[in-house]
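Please look through the two chains slowly, keeping the sequence beside the structure.

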Amino acid sequence: MGRIGPFRRRLEQVGLGLTAILAVAMIGLLTVDALRSFPLVGGLYDQARIAGRLLDSLLGTNVFSHPFMWRSIATGILIGVVAPLVGTYLVHREMALIGETLAHTAFAGVAVGLLVSAATGWEGSLMLVALVVGILGALGVQWLAERTNTYGDVPIAIMLTGSFAVGTLIISYGRGMSGFNVEGYLFGNISVVTPSGARLMAVISVLVVGVIVATYKQLLFITFDEQAARVARLNVTWYNTLLIVMTAIVVVGAMQILGVILVAAMLVVPVAAATQVAHSFRETLSLSILFGQVSVIGGFTVSISQGLPTGGSIVVVAIACYLLAILASSRSTTPLSTH
Amino acid sequence: MTVVSLENVTFAYAEQPAVKDVSLTVDEGDFLGLVGPNGSGKTTLLHLMLGLHSPDSGSIELFGEPVAAFDDGERIGYVSQQATSRGGSMPVTVREAVTMGRFAHAGHGRLTDADRATVDDALETVGITDLADRQVTQLSGGQRQRAYIARALASEADLLALDEPTVGVDAESRDAFYQLLESLNASGITIILIEHDIGIVTDRANRIACINTELYHHGDTESFVESDALTEAYGATGQVLHHHH
């Protein structure tokens, strides 16, 4: 398969440009939301609410005038950028299920956070505790993978089930102490997105995009040919750790909307769709983000208009993109390893 | 100048010795053929030379530096056995793969026009300019190995290490591939080649190291051909593959 045509290239550039504008606007919106108590920003916040009402009256919806919906949509848009970005490296490293594992670890983190807050009256962010536990889980998986010399499914299965087991034990133990809704975290729920959770997602997005831009080459090299990367004196262990920690961070941000069970889908499905039709690795990255964005916006539209769960809607739209990509691709039989 | 120097190097996987008390040197401009029966420790020895394993005892130097401290990654080009390289289904173009040779030079900075020109030169040298926009997965075995050689050239490597690069490559492409290696060697690049076909090695290499855990021969090709090293290393059970013209 040869070079891509100028029309397609231009289309992808426009799509990426729009996505970038949208993502920056969402980060701006979350910043305005966070700083609205300041006089100047307060004015901007009021303007945004008016714009939201206007948009609602234009579309005949009851969505954009509510700040909690802004936060959910902004979080979703940002997930649609960073999850496929990190997922592109994971899928091609045959680590497709690592996201699922780290989501379960983060779930144990949420449980720990709940227990701590119920027992001590602490009112910190559950997401922050999930983040810390998720990163520890990531380092644990990395440690196991180094010791067993493989990212094979055994350490992944052990970590996945083990951390979920711990999470259920803690939640069962702490149930008497708090009236916590576990389903929200298991299946994802737009009402789970707290102001601090949305702000965390904004910080995560800036961080992850920055790190990927800075280490694009190194991550590509170790993904494509780890041994040659070692010979070229790249610190492979360090980049592997960086990738898995970034995965944990993205997963924690994404599980607010998608839930523990579905979060891996955004790391994998848009990438699988992109891989079907992309001509190069760079194009795979671009298309993954575009498919991710289509899935999130499409999923939100279905979810809001039909009153269905958001996480499930996003994943179903993503899978529809994947199936379309297979149909559109002449390489539909090319095996994509999912180990 | 000595490119690689091993002194009394021993390495074992758990209790299973793979390389025992091996001492040898590779000088600048050498074309060293590394031969030995299957499971004789050839790949392990190459990995030790490149710093992918640390020896249990003995010392290894790369370009005059202890191998563990050596950090000029761009000076070494490595072409592994095809089967061991990941990315079998990764949509990476030939140009992207060859550009990886510039990554050690660029670090976290952006690639420059000079980097891209070096990549173009490397593609041209191995004769795959017309395949630059193809995916690596769509190449034949011979073309793919040329792409990996181009990656090593793009990194402006002084040492090219190849581990059975032509497994699964048809005879015609294999001959062309070895001609390419010869011309690269003539231009001053030091080559270490693991190859199971003894005939190819004795035709192309100017030095031979023959090992079966221990070193049975290390010297020029003529003395290797005249010696009994091959029979001794392969033992009674060994199958020697000779190359027929």
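In chain A, the axes of helix α3 and helix α10 (residues 236-277) come within 8 Å and cross at roughly 100 degrees, where axes are lines fitted to C-alpha atoms, for helices over the stretch in contact, and angles run from 0 to 180 degrees between N-to-C directions. That makes α3(A) roughly perpendicular to α10(A), since angles under 35 degrees count as roughly parallel, over 145 as roughly antiparallel, 65 to 115 as roughly perpendicular and the rest as oblique. By class, the contact of α3(A) with α10(A) has 19 nonpolar, eight polar and no charged residues; here Ala, Val, Leu, Ile, Met, Phe, Trp, Tyr, Cys and Pro count as nonpolar, Asp, Glu, Lys and Arg as charged, and the others, Gly among them, as polar.

This is a predicted model, in which local features need pLDDT of at least 70 and side-chain atom pairs count only at pLDDT 80 or more, while totals for chains, interfaces and linings use all residues. Residues are numbered from 1 along each chain as its sequence is written, and chains are lettered from A and ligands numbered from 1 in the order in which they are written. The helices (H or I, at least four residues) and strands (E, at least two) are DSSP runs, numbered from the N terminus.

Helix α3 (residues 67-92) of chain A also packs with helix α8 (residues 195-224) of chain A, at an angle of about 20 degrees and with the axes 9 Å apart. That angle makes α3(A) roughly parallel to α8(A). Their crossing is left-handed, a term used if the near helix is turned anticlockwise from the far one by less than a right angle, and right-handed if clockwise. Among the residues that make this contact are A:Leu78, A:Val82 and A:Leu85 of α3(A), together with A:Ala202, A:Val208 and A:Ile212 of α8(A), where two residues are in contact if their C-beta atoms, placed from the backbone, lie within 7 Å. The residues of the contact of α3(A) with α8(A) divide into 16 nonpolar, four polar and one charged.

Another pair in chain A is helix α1 (residues 6-34) and α11(A), whose axes come within 10 Å and cross at roughly 60 degrees. The two helices are therefore oblique to each other, and α1(A) passes α11(A) in a left-handed crossing. In this contact A:Glu12, A:Gly15, A:Leu16 and A:Thr19 of α1(A) meet A:Ser286, A:Leu287, A:Ile289, A:Leu290 and A:Gln293 of α11(A). These residues divide into four nonpolar, four polar and one charged. Helix α11(A) is followed by A:Gly307, whose phi is positive, near 65 degrees.

Chain B brings in sheets. Four of its strands form an open sheet in the order β2-β1-β4-β5, with antiparallel pairing, and two strands pair if DSSP finds at least two bridges between them. The edge strands are β2 (16-27) and β5 of chain B, each of which pairs on one side only. Within this sheet, β1(B) and β2(B) pair over eight bridges, and the bridge partner of B:Ala12 in β2(B) is B:Pro17. Five bridges join β1 (residues 2-13) to β4 (residues 57-62) of chain B, with B:Leu6 partnered by B:Ile60 in β4(B). Strands β4(B) and β5(B) form a hairpin with two residues between them, and B:Phe63 in the turn has a positive phi of about 50 degrees.

A further open sheet of chain B has six strands in the order β6-β7-β8-β3-β9-β10, with mixed pairing. Here β6 and β10 (214-220) of chain B stand at the edges, each with a single partner strand, so one side of each is left without a neighbour in the sheet. Strands β7 (residues 159-163) and β8 (residues 190-194) of chain B run parallel and are joined by five bridges. Helix α5 (residues 141-154) of chain B lies across β6 and β7 of chain B, running at about 165 degrees to β6(B).

Finally, the two chains meet in a contact that takes 29 residues from chain B and 30 residues from chain A. On the side of chain B that touches chain A, β6 (76-79), α2 (94-99) and α3 (103-106) of chain B each supply at least two residues, and α3(B) gives the most, with three residues. The residues of this side of chain B divide into twelve nonpolar, eleven polar and six charged.
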